[in-house]
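Here is a short note for a colleague opening this model. Please read the points with the structure on screen.

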Amino acid sequence: MVIRFRWWGLGLGLSFCTCFLAPVQAQTALYQPLPLALNQTLTDVLSPQDIPTGEGGFARDYQVQLQANDQIVIDLQSNEFDTVLVLIAADGSTVGANDDSPEGGSNSLLFARIQEAGRYIVRVRTFGLAGGGRFNLKVTRLRPMD
């Protein structure tokens with residue numbers, strides 16, 4: 001669809017214009033977090049094709065289904081960039097975040113107790129201006145001792 005307008009000066013302070021407006025194409029890529037299985041290590045690559053963080057780095061989102069009262073640990077390791085890990089609830093609130101694991105270094109380790117069952121987002125991102133690279137991610141459901 002093309003809409004045309006034409007401008008004419010009429011000497012009365014009024015003018016008209018001819019403009020051609022092309023239709024706007026819809027964005028075809030929708031936000032789709034990648035599925036993440038519990039208790040399995042996922043190896044992936046964070047790159048400039050992922051979500052810009054606004055701080056010069058990038059992020060990639062994964063979704064995982066969790067149950068109320070689950071106790072989980074999320075382990076994110078990379079030898080190629082300084083990792084940041086964020087766990088996000090279905091309502092968009094941050095459940096927890098970790099930059100550097102308790103052992104030190106640039107890997108991330110996050111422990112959380114889940115209050116409500118539902119779909120959660122595990123966000124893997126770079127710290128600061130780091131470009132990205134290869135990483136390993138694992139969400140483990142901890143089992144209570146019998």
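1. Start with Glu116. Glu116 is exposed, at a relative accessible area of 60%. The terms work as follows: buried means under 20% relative accessible area, exposed means over 50%, and partly exposed is in between (1.4 Å probe, protein chains only). Glu116 sits in the loop between strand E10 (108-113) and strand E11 (118-126). Helices (H or I, at least four residues) and strands (E, at least two) are DSSP runs, numbered from the N terminus. Glu116 and Ala68 are 48 residues apart in sequence, yet 4.5 Å apart in space, C-alpha to C-alpha.

2. A word on the basis. This is a predicted model, in which local features need pLDDT of at least 70 and side-chain atom pairs count only at pLDDT 80 or more, while totals for chains, interfaces and linings use all residues. Residues are numbered from 1 along each chain as its sequence is written, and side-chain values use heavy atoms, with hydrogens and water left out.

3. Now the charged pairs. Side chains of opposite charge can pair when their charged atoms come close. The structure holds 5 salt bridges. Each is a side-chain nitrogen of Lys or Arg within 4 Å of a carboxyl oxygen of Asp or Glu.

4. Take Arg60 and Asp44. Their salt bridge has its closest N and O atoms 2.6 Å apart. Arg60 lies in strand E6 (residues 58-66) and Asp44 in strand E4 (residues 42-46), so the pair ties together parts 16 residues apart in sequence. Arg60 is buried, with a relative accessible area of 17%. Asp44 is also buried, at 18% relative accessibility.

5. Next, Glu55 and Arg125. Their side chains meet in a salt bridge of 2.8 Å, N to O. This pair links distant parts of the chain. Glu55 is in the loop between strand E5 (51-52) and E6, Arg125 is in strand E11, and the two are 70 residues apart.

6. Asp61 forms a salt bridge with Arg123, the closest N and O atoms being 2.7 Å apart. Asp61 lies in strand E6 and Arg123 in strand E11, so the pair ties together parts 62 residues apart in sequence. Asp61 is buried, at 4% relative accessibility. Arg123 is partly exposed, at 27%.

7. Turn to the rings. The structure holds 2 aromatic pairs. Tyr62 and Phe135 form an edge-to-face pair, 6.4 Å centre to centre with 75° between the planes. Rings of Phe, Tyr and Trp (its six-membered ring) pair if their centres lie within 6.5 Å; planes under 30 degrees apart count as stacked, over 60 as edge-to-face and the rest as tilted. Tyr62 lies in strand E6 and Phe135 in strand E12 (residues 133-142), so the pair ties together parts 73 residues apart in sequence. Tyr62 is buried, with a relative accessible area of 1%. Phe135 is buried, with a relative accessible area of 1%.

8. Phe135 has another partner. Phe81 and Phe135 form an edge-to-face pair, 6.3 Å centre to centre with 85° between the planes. Phe81 lies in the loop between strand E7 (71-77) and strand E8 (83-88) and Phe135 in strand E12, so the pair ties together parts 54 residues apart in sequence. Phe81 is buried, at 5% relative accessible area. Ring pairs link Tyr62, Phe81 and Phe135 into a cluster.
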